[in-house]
Amino acid sequence: MQAASADEPLNVIFFLVDDLGQRDVGCYGSQFHETPAIDQLAKEGMLFDNAYSTCHVCSPSRASILTGKYPARTNLTEWLSGRPERDYENLHHGEKLTALPDAEQTLAETLHGHGYATANYGKAHLNKDPKTYGFDEAITGWVKSYHHPFGGEYNETLPANEGDYFTDKLTDAAIDFIERNKDKPFFVHLEHFSVHDPIQGRKDLVQKYEKKLATMPHQESPDYILEPNPDGPAISEEQIKSLEENDNNTLHQKERVWWVKQKQDNVEFAGMVEATDESLGRIRAKLKELGLEENTIIIFTSDNGGMAASNQYRGIQQPREKLNSQFASSNLPLRGAKGWNYEGGIRVPLIVHWPGEIQANSTSHAVVTGTDYYPTLLEMLNLPSLPDQHVDGRSFVPALKAESYDRGPIYWHFPHYSNHGFQSPGGAVRSGRYKLLEYYENGTVQLFDLDGDIGEQNDLADSHSEIAGELKNMLHAWRYEVDAKMPYPKTATSKSAPGARVDRRN
């Protein structure tokens, strides 16, 4: 494969999938979901097995991609407009912003300034029209149905007819932009709403997976498990079993436990995944048709881990059809889900295709995170870096070229309660093989050796107290450096922080 001419600017397609877990993709081990186009991209590019989002929910992660900064530094730390504070929570949520700050020079603005045509299609989710931060064109909004009519702004901005499927029509829009801008460099930020709920697969693909599921052997393992809150009294196996039998929202809220899906067997979700895979295949086919295949960088990734836990509390004593609408998939062997700082919530798929520069069908073990795309793309495009802007990013071009690369520790900070679990607000740091999680209600820490325990089942905080102490100090020093806003105790006279939503529920 020949690289593009040195004087010919490269195009960029940033293919961002919403809520796609790392293990939802065939080339990352899924045996149920079929993703031939994504798998083919991996065969022709480089797959990363230690790629992370900067947050376990969407808006902060998306902002990091565009700004090169950690959510804690920009103070955009929660999905927008955020989960309301609840009376039963012990802490006020940390102060936060409610939109992407105007002062940030986004990746789109930078590329636009270098002559790129820029487009943002799909779920921008930063509380502003993407045109205000560097995109020439945008089709964005909130999907209420993947089957036409799609709801909201999309009814007016995305041409479609009865029987159309949202993911297909969003792909049509991206392809149209590529065709119209084929004679100039372009940056397409395709932010697929899929595979976020509502969990609605394309009907022909759902039928395909219904047939596939019917032929699969029964798995004896549990369909769901209860994930407890580690920042509190330990819960015994007997208590867990009792709580499993008493699937009651009020009781589970009191005991701080949450259901997490353990199997990939959701036919609706599988249909969504394959439709998204087809989108990538169609775009690559169009690039080839236009003679742009060798001149286009493709980055394929997700904004956070998979939604193995439901959005808001949902019990499991419901019909299968109802459960399929609420629990997307399993992240095993990764623990947890979207909304957790466990690996299931923050480890994401990442495949990079850079024609002529990457060894085909290669895998990188380099640790990378969402702040790193900005400086990496600038280097790939031979454009000047902006270190004062993408201050938290590190270019992983050396890793792409199979050279020695160590970007150093990576951090997370989420000073809020999540929609996906009764766990405490918390933060985390990964340095080398070790990862420490800290919870902000009671100060509990957990330490895991990811090289030998990717499922985060063996807490080493006590047995490796020196390492835990070092990482905790690193995390605290980083929070001080970036001026991370912290949650704080509720008192009789305390008030919610700026940016917080309040919803008085018991």
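**Ground rules.** I am working with a predicted model, in which local features need pLDDT of at least 70 and side-chain atom pairs count only at pLDDT 80 or more, while totals for chains, interfaces and linings use all residues. Residues are numbered from 1 along each chain as its sequence is written, and side-chain values use heavy atoms, with hydrogens and water left out.

For asparagine 361 I noted a phi near 55°, a positive value in a residue other than glycine. This residue is exposed, its relative accessible area being 56%; I use buried for under 20% relative accessible area, exposed for over 50% and partly exposed for what lies in between (1.4 Å probe, protein chains only). I then turned to asparagine 127, which has a positive phi of about 65° although it is not a glycine, and which I found in the loop between strand 4 (117-122) and strand 5. With a relative accessible area of 48%, asparagine 127 is partly exposed. I record both because most residues other than glycine have a negative phi, and most peptide bonds are trans.

I also looked up cis peptide bonds, and noted one that joins serine 194 and valine 195, with omega at about 15°; valine 195 lies in the loop between strand 6 (186-192) and helix 7 (203-215). Another entry is the peptide bond from leucine 332 to proline 333, which is cis with omega near 10°, and here proline 333 sits in the loop between helix 11 (320-324) and helix 12 (343-346).

**Whole protein.** I listed 15 helices and 16 strands as the secondary structure of the protein. For 506 residues a compact globule would have a radius of gyration near 23 Å, and the protein, at 22 Å, agrees with that; the radius is taken over C-alpha atoms, and the globule rule is 2.2 Å times the number of residues to the power 0.38. The C-alpha trace spans about 65 × 50 × 45 Å along its principal axes, and buried residues make up 60% of the 506 residues. Of the contacts (heavy atoms within 4.5 Å) between residues at least 6 apart in sequence, 72% join residues at least 24 apart.

**Aromatic rings.** I noted 22 aromatic pairs in the structure, where rings of Phe, Tyr and Trp (its six-membered ring) pair if their centres lie within 6.5 Å, and planes under 30 degrees apart count as stacked, over 60 as edge-to-face and the rest as tilted. One of them joins tyrosine 70 and tyrosine 411, an edge-to-face pair at 6.3 Å centre to centre with 85° between the planes. Tyrosine 70 lies in the loop between helix 2 (58-67) and helix 3 (71-74) and tyrosine 411 in strand 12 (residues 410-414), so the pair ties together parts that are 341 residues apart in sequence. Tyrosine 70 counts as buried at 3% relative accessibility, and tyrosine 411 counts as buried at 10%.

I next checked tyrosine 146 and phenylalanine 166, whose ring centres are 6.0 Å apart with planes at 80°, so the pair is edge-to-face. Tyrosine 146 belongs to the loop between strand 5 (137-140) and helix 5 (154-157) and phenylalanine 166 to helix 6 (residues 166-180), 20 residues apart. Tyrosine 146 is buried, with a relative accessible area of 0%, and phenylalanine 166 counts as buried at 0% relative accessibility. Trp142, Tyr146, Phe150, Tyr154, Tyr165, Phe166 and Phe193 form one aromatic cluster.

**Around helix 11.** What does leucine 323 touch, leaving aside its neighbours within four places in sequence? I found Tyr224, Gly315, Ile316 and Gln318 in contact with leucine 323, which lies in helix 11 and is buried, with a relative accessible area of 6%. I followed this to glycine 315, which is found in the loop between strand 9 (296-302) and helix 11 and is buried at 14% relative accessible area. Not counting residues up to four places away in sequence, glycine 315 touches Asp247, Trp259, Leu323, Gln326 and Phe327. Glycine 315 and asparagine 249, 66 residues apart in sequence, are 7.1 Å apart in space, C-alpha to C-alpha.

Definitions and conventions:
Helix = DSSP H or I, 4+ residues; strand = E, 2+ residues; numbered from the N terminus.
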